[in-house]
Amino acid sequence: MENFWNERYADSEYAYGIKPNEYFEEQLKKINPAKILLPAEGEGRNAVFASKNGWETFAFDISIEGKNKAENLASKEKVLIDYRINSIENCEYPRESFDVLALIFAHFPQENRNLYHRKLDEFVKIGGYVILEAFTKNHLEYSGKNKNLGGPKDLKMLYDLGEIKNDFSNYEILELSESVVEINEGTFHNGQSSVIRFFGKKIKNIE
């Protein structure tokens with residue numbers, strides 16, 4: 001997967017554009033700026049947006065090409081982001097140190113997903129938030145008709161509502177929905193697709 005993402009991000013054009021994800025932008029504006037973590041952040045569009053709006057921003061990804069472009073974008077926009085090359089397995093941050101965890105099209109293998117989500121949850125403060133948007137298992141119906149839509153082609157990499165509720169069972173659900181939306185993000189996210197959107201507030205730690 002590292003090679004795949006390095007190839008995708010190698011072009012000078014930003015694969016998913018430089019504007020933030022719309023759902024991420026909408027939800028982040030509801031929260032007072034503090035400290036945010038963005039795993040699988042790719043080329044940095046959401047991290048840069050957060051920093052421009054007063055957030056202390058941390059991000060990571062497995063792609064060095066993504067990191068380079070994220071830092072270039074941050075420099076252009078005159079903001080700072082702490083962007084590291086890392087995987088979910090190896091990422092380490094202080095427990096309960098972030099006010100927001102943002103997972104924007106951060107798709108993980110089904111066999112590891114719950115473990116990964118629970119690990120990332122440990123970094124979120126009580127009273128902190130998760131903002132998540134991801135393709136649902138119905139995504140293949142749309143991506144099969146539209147090569148510009150992107151997203152995983154493996155059903156096991158796609159999400160359903162039950163999985164999100166289970167993985168984030170220690171959160172108050174402020175929004176959890178599955179809907180068909182029109183996305184317009186750079187070259188590879190264009191067209192109608194089925195997405196899950198989750199906005200939750202952490203009420204306790206997992207025992």
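Which charged end sits over the ring of phenylalanine 188? It is that of arginine 8, placed 3.7 Å from the ring centre. A charge sits over a ring if NZ of Lys or CZ of Arg is within 6 Å of the ring centre and within 35 degrees of the ring normal. A second case is lysine 69, whose charged end sits over the ring of tyrosine 14, 4.7 Å from its centre.

Before I continue, a word on the source. This is a predicted model, in which local features need pLDDT of at least 70 and side-chain atom pairs count only at pLDDT 80 or more, while totals for chains, interfaces and linings use all residues. Residues are numbered from 1 along each chain as its sequence is written, and side-chain values use heavy atoms, with hydrogens and water left out.

I turn now to the aromatic pairs. Rings of Phe, Tyr and Trp (its six-membered ring) pair if their centres lie within 6.5 Å; planes under 30 degrees apart count as stacked, over 60 as edge-to-face and the rest as tilted. By this rule there are 15 aromatic pairs. In one of them, the ring centres of tyrosine 16 and phenylalanine 188 are 6.1 Å apart and the planes stand at 55 degrees, so this pair is tilted. Tyrosine 16 belongs to the loop between α1 (2–9) and α2 (22–28), and phenylalanine 188 to the loop between β6 (171–185) and β7 (189–202), so the pair ties together parts that are 172 residues apart in sequence. Here helices (H or I, at least four residues) and strands (E, at least two) are DSSP runs, numbered from the N terminus.

Are these two residues buried or exposed? Buried means under 20% relative accessible area, exposed over 50%, and partly exposed in between (1.4 Å probe, protein chains only). Tyrosine 16, at 9%, is buried, whereas phenylalanine 188, at 25%, is partly exposed.

Another tilted pair joins phenylalanine 105 and phenylalanine 135, with 4.6 Å from centre to centre and 35 degrees between the planes. Phenylalanine 105 lies in the loop between β4 (98–104) and α5 (110–121) and phenylalanine 135 in strand β5 (residues 124–135), so parts 30 residues apart in sequence are tied together. Phenylalanine 105 is buried at 13%, and phenylalanine 135 is buried at 1%.

Finally, the backbone. Phenylalanine 105 has a positive phi of about 50 degrees although it is not a glycine. Glutamate 96 also has a positive phi, near 50 degrees; this glutamate is in the loop between β3 (82–85) and β4.
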